[in-house]
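Colleague: Can you show me the model and talk me through a few parts of it?
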Amino acid sequence: MANLPGPMSSGNTEQLISDAEEQLASVGTLDELHQVESQMLGRRSDLAELRRTLGDRPADERRSLGAEINEAQRRVEELVAARRQQLEEEAEDRLLAADRVDITLAGVELRRGTHHLITQSMAEICEIFSAIGYQVVTGPEVETVHYNFDALNHVPHHPARLPSDTLYLEPWDGRSSTGADALLLRTHTSPMQARIMERQPPPVYVVVPGRTYRPDPWDATHAPVFHQVEGLAVAEDITFGDLKGTLEHFAREMFGPRVRTRFSPDFFPFTEPSAQMAVVWRDDWLELLGCGMVDPNVFEAVGYDPSQVSGFAFGVGADRVAMVRHGIPDIRLLYENDIRVLRQFR
């Protein structure tokens with residue numbers, strides 16, 4: 001900071017303004033400017049000292065000298081304000097220069113996100129069936145006992161109705177069955193069979209992707225929350241051969257032409273006859289889906305005439321499809337959100 005002279009002893013305001021200009025020109029920072037401003041305009045400044053001497057002046061000099069002091073103070077304030085603006089602009093220029101970015105440099109490319117592997121698998125399953133004329137529909141995850149069990153030919157004492165196998169959203173009444181309007185988390189996407197047939201006449205060709213819930217323990221091939229793609233085909237003269245051919249076509253499209261499939265008898269309340277289809281996974285057979293011909297009782301429950309139509313249904317486990325398709329040894333890897341696993345399936 002510049003060296004400042006002591007208080008002036010005369011009323012030469014022009015000299016005071018000239019000295020202020022020199023002092024302000026030598027100021028290099030806003031902090032220095034603040035100190036100089038205090039010395040030039042504060043209570044101990046030259047101007048303040050001059051103002052205090054007015055009382056000792058003759059009356060004829062007091063008015064003119066007071067006007068000169070006021071004018072000098074105004075000029076000094078203008079000089080200080082101008083210098084402050086200049087220093088602020090210089091500080092801003094230095095900051096901008098320090099933050100300058102070369103826009104011609106190559107940018108940093110952000111890693112693009114992708115769908116989860118299960119979502120990808122469900123989409124591929126739906127695409128395969130869409131290509132052969134199936135419509136994709138969705139349904140509620142919170143279902144009623146009627147659509148989840150009654151309309152699908154589950155007898156009142158069926159063990160699937162027990163809270164050990166089903167997650168109810170209302171208190172269970174302690175019996176083997178509950179009221180038709182009782183709410184639960186759907187145990188399969190099959191309730192959409194009844195919902196769709198209730199609202200449209202045959203023919204019906206649909207697939208229903210969605211999340212399902214069962215109180216199953218975590219292990220390598222089971223999860224309490226899993227994903228299923230339900231399929232339903234209803235028309236005249238559909239046979240079990242149509243069912244088998246459709247599902248073998250799906251397996252070849254999903255896993256390649258060399259995939260090995262196996263059908264074995266099974267039981268489901270809403271299909272008769274019923275079967276399960278397995279594929280080879282890690283040198284063993286893994287059940288991939290359940291299937292069968294739609295039970296006539298299901299047709300009657302939705303107002304179809306079983307003597308006029310026939311059909312088949314199936315439920316594909318999308319999680320297991322992902323495991324087989326990509327060689328994943330444990331279903332839990334799909335849910336642990338380990339980035340090292342998920343990045344492999346972009």
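This is a predicted model: local features need pLDDT of at least 70, side-chain atom pairs count only at pLDDT 80 or more; totals for chains, interfaces and linings use all residues.

Colleague: What holds strands together in general?

Modeller: Strands of a sheet pair through backbone hydrogen bonds, in either a parallel or an antiparallel way.

Colleague: Back to this one. How do β1 and β4 run, parallel or antiparallel?

Modeller: Parallel, with two bridges joining them. Gln 135, for instance, has Val 206 in β4 as its bridge partner.

Colleague: And how many bridges join β4 to β5?

Modeller: There are 10, and these two strands run antiparallel. Pro 209 is bridged to Val 229 in β5.

Colleague: Is β4 mostly covered or mostly open?

Modeller: Mostly covered: of the 10 residues in β4 (residues 204–213), eight are buried.

Colleague: What about β8 and β9, parallel or antiparallel?

Modeller: Antiparallel, joined by five bridges. Gly 290 has Gly 315 in β9 as its bridge partner.

Colleague: Change of topic. Which residues form the negative surface patch?

Modeller: Glu 88, Glu 89, Glu 90, Glu 92 and Asp 93.

Colleague: Where does Glu 89 lie?

Modeller: In helix α4, which covers residues 59–98. Glu 89 is partly exposed, and its relative accessible area is 43%.

Methods: Residues are numbered from 1 along each chain as its sequence is written. Side-chain values use heavy atoms; hydrogens and water are left out. Patches are made of residues with over 30% relative accessible area and no salt bridge: like charges are joined within 9 Å, nonpolar side chains (Val, Leu, Ile, Met, Phe, Trp, Tyr) within 5 Å. Accessible areas come from the Shrake-Rupley method with a 1.4 Å probe; for residues, only the protein chains shown count as cover. A salt bridge is a side-chain nitrogen of Lys or Arg within 4 Å of a carboxyl oxygen of Asp or Glu. Lys and Arg count as positive and Asp and Glu as negative; His and the chain ends are not counted. The place of a charge is taken as NZ of Lys, CZ of Arg, CG of Asp or CD of Glu. Helices (H or I, at least four residues) and strands (E, at least two) are DSSP runs, numbered from the N terminus. Buried means under 20% relative accessible area, exposed over 50%, partly exposed in between (1.4 Å probe, protein chains only). Two strands pair if DSSP finds at least two bridges between them.
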